[in-house]
Amino acid sequence: MAWPSFISWRQGAGVMGATLRTAPLAADGSYDLDALLELVGPATKMVVVVSPNNPTGAAVGAAALERFIDALPDHVLPVLDEAYFEYLPAGSHDGVALMRSGRRLAVTRTFSKAFGLAGLRVGYMVAPPELVRMLGAVRNAFDVNAVAQAAAVASLSQSDELLPPRMAEIASERHMVSSGLRALGLEPMPSTANFVLVPVGSADRAEALNQALLRRGIIVRPAGPFGAPDAIRITIGLAQENAEMLVAMAGALGEVGALPGAR
Ligand SMILES: *Cc1c(COP(=O)(O)O)cnc(C)c1O
């Protein structure tokens, strides 16, 4: 996988006693697929691509992803983590469509993000039948409860109506938040997801800003556990919440001082 990225994949490798190799990200925060391909060797079993990436928010290009999957040797399983798939603009990658085109990969998605069901713990994988069978043998029995299943089915059945306005609102609020942060002298990374990553110069500043924001009632996420200790990740909320966050950020920056490391 690449790093900084989603920590669960890293933890999963640790739990399985696997050797984890990490590639750097591209400058925009998306997975650098050429760098990832270079890490693949004869003992590589699985390659994870998180796109849009968490905590940075940028996605890989659809054509680049196709080329990457086609270039992988047969003994390597590509896993495409599309937790933020619903936020992608038209023309972006679609792992399930890639599978339909005959490519061998596993695609994971979740109801935790665009559908807002994180507390119900429900998501899904689309993968070749032999892999689904193998996972069926080792996963916990009854691991998606009946309420979560009902909510997931209801979400899917209404996704054509629910998602487009919601995704458009997130995109416009994300632009608002990003330009508000830039006006404060910060430089948020480009994002297609429901958050922006903001490098703030150092791990100490990230923690100081986090504390100053907490005192103002705003919860952001220091990105250290995701491999970006000098940054905070800000989730896009409702318009009113985003406006309050920007006011709090101005105060927090005043308290923490100018940012020598800010780019
Ligand atoms: C949130 C997220 C997931 C899955 O989250 P669950 O709540 O466990 O379904 C997977 N990958 C990434 C990159 C995520 O951000």
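Among contacts in the protein between residues at least 6 apart in sequence, what percentage join residues at least 24 apart? Counting a contact as heavy atoms within 4.5 Å, the answer for this protein is 67%.

Before I go on, please keep in mind that this is a predicted model, in which local features need pLDDT of at least 70 and side-chain atom pairs count only at pLDDT 80 or more, while totals for chains, interfaces and linings use all residues. Residues are numbered from 1 along each chain as its sequence is written, and side-chain values use heavy atoms, with hydrogens and water left out.

As for the overall architecture, the protein has 9 helices and 7 strands, taken as DSSP runs numbered from the N terminus, with helices being H or I of at least four residues and strands E of at least two. Its radius of gyration, taken over C-alpha atoms, is 19 Å, close to the 18 Å that the globule rule (2.2 Å times the number of residues to the power 0.38) gives for 263 residues, so the protein is as compact as a globular protein of that length. Of those 263 residues, 45% are buried, meaning under 20% relative accessible area with a 1.4 Å probe, protein chains only.

Let me turn to helix 3, residues 62-71, whose buried residues are Leu65, Phe68 and Ile69. They cover an arc of only 95° around the axis, which puts them on the same side of helix 3; the arc is that of the directions from the helix axis to the C-beta atoms. Among the elements covering these buried residues are helix 2 (33-39), strand 1 (46-50), strand 2 (77-81) and helix 4 (95-100).

Methods: Buried < 20%, exposed > 50% of the residue type's maximum accessible area, 1.4 Å probe, protein only.
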